Amino acid sequence: MSYLQNKVQSFNANLGTVAGKISNKRTVGPPPKPVASPTPSAASETSKNDLKRKRADLPQIPFSQPADTGVGQHIMTQVTYAIDHLKKRDEPQTFAAILEYLSMQTREESYKKALEKILIQHDKVNHEPKREGHPAVFSFRPVHNIRSAESLLRYLQAQHTAQGLSVKELRDGWPGAEDAISKLESEGKLLVTRNKKDNHARMVWPNDPSLNFEIDNEFKAIWHKVKLPEPGALADELEKEGLTPANKHRLTKKPVKAQEKPKRKARAGGKTTNVHMAGVLRDYSHLKK
């Protein structure tokens, strides 16, 4: 028992020594409390939501296509708009009226002068300079200066040939040309050819009333009594009279024969190279066909 008691006393002594050493060490404070991550403010959330909304509202426009603003900024684009405006107007227009139509009243003077100079020199525009009491005016210059039914008849009657007039050229400076042509045709004053597809007028000629003759009904009856021969019967009648129809002996092209390619002759013989095998190899050339 004394041995066990000594061991217990030694263990208790060592335990007290270790406890004293631990108490002398520097004490460690409690671990810091975890700090919560800062939450986004209401302002930042609002800005993100606005950005998403803006992105969603943007139209899906392909970047390869130019934006169609509806207004051409190039000066030649404005010239095209001005000519189209003059084409639709029957009366001449002043330059101020053209600027008002193009909404260019507030543009710089250099731009206005450049636009006016281009219109004056354009081959599709008539320009009448300023006169006393009358401002300078612009009007559309069509292929034919015809804008009414009366001027159309005068133009056709003044021609020295029977050449027709293209309706497409008339529409270039006369928007109501088709209606007037249809009316003149119904009155017997014009001869008109029309397209089969849409029945639009294509060409017009003057219809001279002095060339209209009435044919007697008796002559019409005699004309319709005459029967035309059958196509084959006419050729038979000509052959009976010893005549040959022009379309009987037609030249027929002989078929061209394809040129036959000459057969390639077999080579008579080649140079012998296996001289050292002369006693071993055999000659079978006499068996070749």
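The structure is a predicted model, in which local features need pLDDT of at least 70, side-chain atom pairs count only at pLDDT 80 or more, and totals for chains, interfaces and linings use all residues. Residues are numbered from 1 along each chain as its sequence is written, and side-chain values use heavy atoms, with hydrogens and water left out. Helices (H or I, at least four residues) and strands (E, at least two) are DSSP runs, numbered from the N terminus.

**The sheet and its helix**

- Three strands form an open sheet in the order β4-β6-β5, with antiparallel pairing; two strands pair if DSSP finds at least two bridges between them.
- Because β4 (165-166) and β5 (190-194) each have a single partner strand, they stand at the edges, and one side of each is left without a neighbour in the sheet.
- Strand β6 (residues 201-206) runs antiparallel to β5, and five bridges join them.
- Val192 has Val204 in β6 as its bridge partner.
- Helix α8 (residues 177-186) lies across β5 and β6, at about 120 degrees to β5. Such angles run from 0 to 180 degrees between N-to-C directions, with axes as lines fitted to C-alpha atoms, for helices over the stretch in contact.

**The aromatic pair**

- A search of the whole structure finds one aromatic pair. Rings of Phe, Tyr and Trp (its six-membered ring) pair if their centres lie within 6.5 Å; planes under 30 degrees apart count as stacked, over 60 as edge-to-face and the rest as tilted.
- Phe95 and Phe138 make up this tilted pair, at 6.2 Å centre to centre and 50 degrees between the planes.
- Phe95 belongs to helix α4 (residues 95-102) and Phe138 to strand β3 (residues 137-140), so the pair ties together parts that are 43 residues apart in sequence.
- Phe95 counts as buried at 12% relative accessibility, and Phe138 counts as buried at 1%. Buried means under 20% relative accessible area, exposed over 50%, and partly exposed in between (1.4 Å probe, protein chains only).

**Around Lys112**

- Lys112 is found in helix α5 (residues 109-121) and is buried, with a relative accessible area of 13%.
- Not counting residues up to four places away in sequence, Lys112 touches Phe95, Leu99, Met104, Gln105 and Arg107; contact means heavy atoms within 4.5 Å.

**Around Ala136**

- Ala136 lies in the loop between β2 (125-128) and β3.
- The C-alpha atoms of Ala136 and Pro92 are separated by 9.4 Å, although these residues are 44 residues apart along the chain.
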